[in-house]
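Me: I'd like to go through this model and check what sits behind the labels. Can you take my questions one at a time?

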Amino acid sequence: MMMMMAAGTATGVVRPLLCGLGLALSLYALRVEEAASRGAGYRAACDLSASVSCSKVFTSRWGKGFGLVGRIFGDNSIVNQPNSVYGVVFYLLQLVVSLSSSRVATLFLALSSLVSLAGSLYLAYVLAFELTDLCLVCVTTYALNIGLSVLNYHRVRARHKDKEQ
């Protein structure tokens with residue numbers, strides 16, 4: 001029981017930390033994308049060199065709708081948003097839904113984490129092989145998504161253990 005409380009306390013601190021960092025990075029990415037698309041002279045703090053540039057990534061065709069949504073629904077579709085908007089929604093939902101201990105909430109958190117991992121893998125591939133760039137903001141969000149996935153995996157396991165007892 002004490003171990004469960006310690007793990008619950010750690011999760012109670014870790015999830016808000018991961019979601020808070022993800023939310024802050026997503027809002028920063030949105031700001032960088034908007035500023036970079038307005039002026040060619042803009043240089044973001046995360047633009048360290050020609051090959052380490054977040055603004056280059058955020059303003060690329062993959063920086064909006066994962067490079068896929070616009071092709072399906074059209075570039076001017078309301079669902080074709082900068083990837084950072086999807087990040088804001090994801091991190092907020094991870095934080096808010098985690099407040100519920102229901103089976104549906106646990107399932108939602110786990111499934112949305114799997115989707116975030118798939119998106120992270122796809123975007124990491126694009127980053128490495130299509131854009132040949134290093135985006136520190138992007139890579140950090142991939143790590144945050146992995147961390148949330150681990151938390152959600154443990155939540156699913158704990159739920160199954162409680163069900164078995």
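Me: Why is Cys-46 called buried?

Reply: This is a predicted model, so everything here is computed from it. Cys-46 has a relative accessible area of 7%; buried means under 20%, so Cys-46 counts as buried.

Me: Where does Cys-46 lie, and what does it touch?

Reply: Cys-46 is in the loop between α1 and α2. Leaving out residues up to four places away in sequence, Cys-46 touches Tyr-28, Val-52, Ser-53, Cys-54 and Val-137. As for Ser-26, it is 20 residues from Cys-46 in sequence, with 13 Å between their C-alpha atoms.

Me: Which residues touch the most other members of the largest nonpolar core?

Reply: That core has 16 residues, and the ones touching the most other members are Cys-54, Val-57, Phe-58, Leu-127, Cys-135, Val-137 and Cys-138. Two or more residues each come from α1 (2-38), α2 (54-58), α5 (103-130) and α6 (136-164). There's also a second, separate core of 7 residues, with Leu-18, Cys-19, Leu-148 and Leu-151 among them.

Me: What does Cys-135 touch?

Reply: Not counting residues up to four places away in sequence, Cys-135 touches Cys-54, Val-57, Phe-58 and Leu-127.

Me: What makes Phe-66 partly exposed, and what about its phi?

Reply: Its relative accessible area is 23%. Buried needs under 20% and exposed over 50%, so Phe-66 falls in between. Phe-66 is in the loop between α2 and α3, and has a positive phi of about 60° although it is not a glycine.

Me: Is Thr-132 buried or exposed?

Reply: Thr-132 is exposed: its relative accessible area is 54%, and the cut-off is over 50%. Thr-132 is in the loop between α5 and α6, and its phi is positive too, near 40°.

Me: How do you know that the span of helix α4 agrees with what it should be?

Reply: Helix α4 (residues 83-97) has 15 residues, and at 1.5 Å a residue it should span 21 Å. The expected span uses one less than the number of residues. The end C-alpha atoms are 21 Å apart, so the two agree. Buried residues of α4 include Asn-83, Phe-90, Tyr-91 and Val-97.

How values were computed: Residues are numbered from 1 along each chain as its sequence is written. This is a predicted model: local features need pLDDT of at least 70, side-chain atom pairs count only at pLDDT 80 or more; totals for chains, interfaces and linings use all residues. Side-chain values use heavy atoms; hydrogens and water are left out. A nonpolar core is a set of buried Ala, Val, Leu, Ile, Met, Phe, Trp, Tyr and Cys residues joined through side-chain atoms within 4.5 Å. Buried means under 20% relative accessible area, exposed over 50%, partly exposed in between (1.4 Å probe, protein chains only). Helices (H or I, at least four residues) and strands (E, at least two) are DSSP runs, numbered from the N terminus. Contact means heavy atoms within 4.5 Å.
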